[in-house]
Amino acid sequence: FKRRCPKLDTMADHDIMDIAKSAFADAFGYHFRHGGAWYADWKLWTGIVAYVSVWSRWLVFGMDYSFLSKATHCFGADLLILHFLQYFGALGGLEVLFCFITVQSLGVAYVYYRPQDL
């Protein structure tokens, strides 16, 4: 790749990472993590809205097997997991994630195996 792009020969690898980090700082929540409030992160609120909307639909109408509901559920859970790991660190974030995944598994088992006439 460097043979085809001679400009990369003059730039150090860390310069490229600095450019990418500054370009995507708002999207990845870098500013909030370093001095901002953890509850102001967009990943937290977007993940909560997506996750809770799918769960409320599943609890009211039963398990929906459409791609859209499963993709929205997975996207919301992934954003929440990313937020937990980003703001609570590796050890604290993993403890929160284990609890989150355990509750998630129990909830899905309840929704899947409950009688439909509830």
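This is a predicted model: local features need pLDDT of at least 70, side-chain atom pairs count only at pLDDT 80 or more; totals for chains, interfaces and linings use all residues.
Colleague: Which residues do the ring pairs link into a cluster?
Modeller: Tyr51, Trp55, Trp58, Phe84 and Phe100. Residues are numbered from 1 along each chain as its sequence is written, and side-chain values use heavy atoms, with hydrogens and water left out.

Colleague: How many aromatic pairs does the structure hold?
Modeller: There are 4.

Colleague: What makes the pair of Tyr51 and Phe100 tilted?
Modeller: Rings of Phe, Tyr and Trp (its six-membered ring) pair if their centres lie within 6.5 Å; planes under 30 degrees apart are stacked, over 60 edge-to-face, and the rest tilted. Here the centres are 5.3 Å apart and the planes sit at 45 degrees, so tilted it is.

Colleague: Why do you say that this pair ties parts together?
Modeller: Tyr51 belongs to helix H5 (residues 42-61) and Phe100 to helix H6 (residues 67-113), so the pair joins parts 49 residues apart in sequence. A helix here is a DSSP run (H or I) of at least four residues, numbered from the N terminus.

Colleague: And which kind of pair do Phe84 and Phe100 form?
Modeller: Edge-to-face, with 6.2 Å centre to centre and 70 degrees between the planes.

Colleague: How do you know whether Phe84 is buried or exposed?
Modeller: Buried means under 20% relative accessible area, exposed over 50%, and partly exposed in between (1.4 Å probe, protein chains only). Phe84 has 14%, so it's buried. Phe100, at 16%, counts as buried too.

Colleague: What makes H5 roughly parallel to H6?
Modeller: They pack at about 20 degrees, with their axes 8 Å apart. Angles under 35 degrees count as roughly parallel, over 145 as roughly antiparallel, 65 to 115 as roughly perpendicular and the rest as oblique, so H5 is roughly parallel to H6. The axes are lines fitted to C-alpha atoms over the stretch in contact, with angles from 0 to 180 degrees between N-to-C directions.

Colleague: Where in the protein chain is confidence lowest, and where is it highest?
Modeller: Lowest in helix H1 (residues 7-10), at a mean of 54, and highest in H5, at 89. The chain mean is 77, and 68% of its residues reach 70 or more.

Methods:
Helices (H or I, at least four residues) and strands (E, at least two) are DSSP runs, numbered from the N terminus. pLDDT is the predictor's confidence in each residue, from 0 to 100.
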